[in-house]
Amino acid sequence: MEIYKFGSEILRAETQSVEDITDEIRDLLDDMIETMILAPGIGLAAPQVGHDLRMFVMNTEENQFDKIINPVVLEAEGVSTFNEGCLSFPEIFADVARPDWIKVRYLNEDGEELELERDGLWARCFQHELDHLDGRLLVDNLTQKQLRKMREELNQIENLGRQQNK
């Protein structure tokens, strides 16, 4: 699967809730995991591979793959800053502040509703991928100073992303 880069319209598109978890949805989630591993990365949202669906995959613990469908953050507390990357922004890393504890609800690939409380890398990755489902990107979490420092690299990636629109 192709990973869409910053500048591609799909990354800002409104995503749709997954109404039925079909074999096609399960296959897409499996393909997303394979793409995420090969990239390599620890999270990948459906818009990043050209699908306007509210779902993503994560791999924050060895051999533990999370398939997240129709996610919602119910509560969030604390703040921590961490150097984040994003597969839609190759080779770009920046410090991003996010809540360090979250309570979430989502469906797994079997249609079971899960409600979890998590912190650390899992919570950070979940929030990063959820941002993608809302059309929010890594650059939207950066300060003007951070953006100025990486403007040239961002322009290059954005040009690649715009070519993906064609």
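This is a predicted model: local features need pLDDT of at least 70, side-chain atom pairs count only at pLDDT 80 or more; totals for chains, interfaces and linings use all residues.
**A colleague's note on the fold and a few backbone details**

1. Asn-70 shows a positive phi of about 50 degrees although it is not a glycine. Is this residue buried or exposed? With a relative accessibility of 18%, Asn-70 falls under the 20% cut-off, so it counts as buried.

2. Glu-91 belongs to strand β5, which covers residues 89-98. Its phi is near 65 degrees, again a positive value in a residue other than glycine. Most residues other than glycine have a negative phi, and most peptide bonds are trans.

3. How exposed is Gly-41? Its relative accessibility is 22%, so Gly-41 counts as partly exposed. Leaving aside residues up to four places away in sequence, Gly-41 touches Met-36 and Leu-87. For a sense of distance, Gly-41 and Ala-94 lie 53 residues apart in sequence and 15 Å apart in space, C-alpha to C-alpha.

4. Now for the overall picture. The protein chain has four helices and seven strands, and from the N terminus on its elements follow the order α-β-β-β-β-β-β-β-α-α-α. The radius of gyration is 15 Å, close to the 15 Å that the globule rule gives for 166 residues, so the chain is as compact as a globular protein of that length. Along the principal axes, the C-alpha atoms fill a box of roughly 45 × 40 × 30 Å. Of the 166 residues, 47% count as buried. Of the contacts between residues at least 6 apart in sequence, 65% join residues at least 24 apart.

5. On to the sheet. Five strands form an open sheet in the order β1-β2-β3-β6-β7, with antiparallel pairing. Which strands stand at the edges? They are β1 and β7 (113-119); each has a single partner strand, so one side of each is left without a neighbour in the sheet. On average, neighbouring strands of this sheet are turned by 40 degrees against each other, direction ignored. At the β1 end, β1 and β2 pair in the antiparallel sense over three bridges, and the bridge partner of Gly-43 in β2 is Met-58.

6. Two helices pack on this sheet. Helix α1 touches β1, β2 and β3, and its direction makes about 45 degrees with that of β2. Helix α2 (residues 120-133) touches β1, β2, β3, β6 (101-107) and β7, and the angle between its direction and that of β2 is about 160 degrees.

7. Covering residues 23-38, α1 has 16 residues and reaches 23 Å from its first C-alpha to its last, close to the 22 Å expected at 1.5 Å a residue. Buried in α1 are Ile-25, Leu-28, Leu-29, Met-32, Ile-33, Thr-35 and Met-36. Seen down the axis of α1, these residues fall within an arc of 165 degrees, so they line one face of the helix. Their cover includes β1 (43-45), β2 (55-61) and β3 (64-77). The face of α1 turned away from the buried side carries the exposed residues Asp-23, Glu-24, Glu-34 and Leu-38.

8. Which residues of α4 are buried? They are Leu-154, Ile-157, Glu-158, Gly-161 and Gln-164. Seen down the axis of α4, they fall within an arc of 105 degrees, so they line one face of the helix. These buried residues pack against β5 and α3 (144-149), whereas Glu-152 and Gln-163 are exposed on the other side of α4.

Notes
Residues are numbered from 1 along each chain as its sequence is written. Side-chain values use heavy atoms; hydrogens and water are left out. The expected span of a helix is 1.5 Å times one less than its number of residues. Buried means under 20% relative accessible area, exposed over 50%, partly exposed in between (1.4 Å probe, protein chains only). The arc is that of the directions from the helix axis to the C-beta atoms. Contact means heavy atoms within 4.5 Å. Two strands pair if DSSP finds at least two bridges between them. Axes are lines fitted to C-alpha atoms, for helices over the stretch in contact, and angles run from 0 to 180 degrees between N-to-C directions. The radius of gyration is taken over C-alpha atoms; the globule rule is 2.2 Å times the number of residues to the power 0.38.
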